[in-house]
Amino acid sequence: MVYTDTDSESTAEFQSCNVNPSITGVGMTTFAKSDDRSLQELLRIASERALTGSEIDPKKVDSIHVGNMAAKAFNSRAGVANALASTVGTKGIAHRVENTSASGASAFLDGYDAVRSGRSETALVVGGEKMSAVDTETSTEVISRITHKQEYNQGITLPSFAGLAANRYLDKYNACRRDLAEVAVKNHANALANPYAHFNKQIHIDDVVASPVVASPLRLYDCCPVSDGAAAIILTANDKDGSIQVTACEGAIGTHAVADRSDLLRIESVRTAGKRAYTCAQISPSDIDLACIHDAFSILEWIELEELGFADSGKAWELTRKGRTDIGGDLPVNPGGGLKARGHPLGATGISQIIEIVWQLRGDLPDERTVTDPQCGLAVNVAGFGNNAICTILEAV
Ligand code: COA
């Protein structure tokens, strides 16, 4: 296909590529409990930082893909993509992508497809959420409404699913409660040197096991916070020195009702998205040098590591206990702090995971925050309690 856009000032003509898109610019806002700026402002700031990083004129952007879960519920806003296109000054197409807590990675998948298909030569992918506009009770209610209606009607929330899964895991396997707490301790430690993180606070195992119960056995420090923030990426069909290649971005769905699954400790969407991504990138889990895992609740880090083939079922806790997932380990997991400590502004999260990998692969970070000689990173962003997942693989070229 040949795409010609005469109305905009974007590159006049280019061939359908089906090559791996490159990431040439990234930008984020600091994730925070409460940011004074509006959702629209957060999206604009992240977008402008990515555009500046990429040294690209906004008029050359062919498409904008905005990941956002609930602007209407949190901020009484709609039309966020149209407003952003006008503010940033682009003239191509723009739309909002919603896939609950994986809205960010779904927007990225959308931009990736646009570049691969030849529809866009340059795509701006940006995600954001401003959750602090409502109180915790309301945000819990908004998030709970993504669950299956019958489960919602029984009073199920996302933390309560995670609590049930943690209980089952600790009961079935040899991990102990303090091993699980170590996941949160590690991710908080990783966020200490990340200026974009929601928390810059060291915690210890004793703090985790003494923190208030949220959904037994999970406590406050096992949970991601409610955050505000935005993150943006420029994807292009043109390779540039120092750019990072997207070698796979694949999604998969799982059952909507968790009750329909044969095993609470399996997340089929993550497993399938991971397999599809490995096939597309022509690699295996042993080729991955770092992983950004959707640790909305500490137990999810273990379950997803198992589903992605980094450990056998019931064995991921051993990676944590042996320090293998630490920043200096052989499989660093969530080196930027993860959802647990970098924060989880729903629509921004999937994009912030990919940005962390870009920074690591480009060697942009200070030594104490850098994993050893990374060439290949994986990110997984999960919608709901595994209703849908997107797995992305990036490689340094
Ligand atoms: N981890 C660590 N500390 C946290 C925290 C978390 N997840 N959430 C809040 N805190 C801290 C706050 O910084 C604050 O500390 P301070 O008193 O020193 O300022 C204190 O705990 C109280 O904060 P508050 O905002 O009042 O907490 P809360 O009780 O209203 O909310 C949760 C806590 C865990 C219920 C809330 O963060 C939550 O709902 N998290 C899950 C969100 C979710 O489900 N996302 C979707 C997943 S896909």
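I began at the ligand, where a nitrogen atom is 3.4 Å from a polar backbone atom of Pro 225. I count a polar contact as a pair of N or O atoms within 3.5 Å; within protein, one must be able to donate a hydrogen and the other to accept it, and residues adjacent in sequence count only if both atoms are side-chain atoms. Taken alone the ligand exposes 920 Å², and the protein buries 67% of that; areas are Shrake-Rupley values with a 1.4 Å probe.

A note on the source: this is a predicted model, in which local features need pLDDT of at least 70 and side-chain atom pairs count only at pLDDT 80 or more, while totals for chains, interfaces and linings use all residues. Residues are numbered from 1 along each chain as its sequence is written, and side-chain values use heavy atoms, with hydrogens and water left out.

**Ligand contacts**

I then found a backbone N or O atom of Cys 223 at 2.7 Å from a nitrogen atom of the ligand. On the side-chain side, an N or O atom of Thr 136 is 2.6 Å from a ligand oxygen.

**The pocket**

Where does the ligand sit? I find it in the largest pocket, by the rule that more than half of its atoms lie within 2 Å of the grid points. A pocket is an open set of points on a 1 Å grid over the protein atoms alone, with protein on both sides within 12 Å along at least five of seven lines; a cavity is a set where a 1.4 Å probe fits but cannot get out, and lining residues have an atom within 4 Å of a point.

The largest pocket holds about 800 Å³ of space. Its lining has 38 residues, and Thr 136 and Cys 223 are among those nearest its centre. Which helix gives the most to this lining? I noted α5, with five residues.

**The cavity**

I found one cavity of 30 Å³ or more in the whole structure. Its lining includes His 148, Glu 151 and His 256, and divides into five nonpolar, five polar and one charged.

Most residues other than glycine have a negative phi, and most peptide bonds are trans. I logged a cis bond between Ser 216 and Pro 217, with omega about 5°. Thr 100 has a positive phi, near 45°.

Methods: Points joined across faces, edges and corners; volume = space filled by probe spheres on them. Nonpolar A, V, L, I, M, F, W, Y, C, P; charged D, E, K, R; others polar. Helix = DSSP H or I, 4+ residues; strand = E, 2+ residues; numbered from the N terminus.
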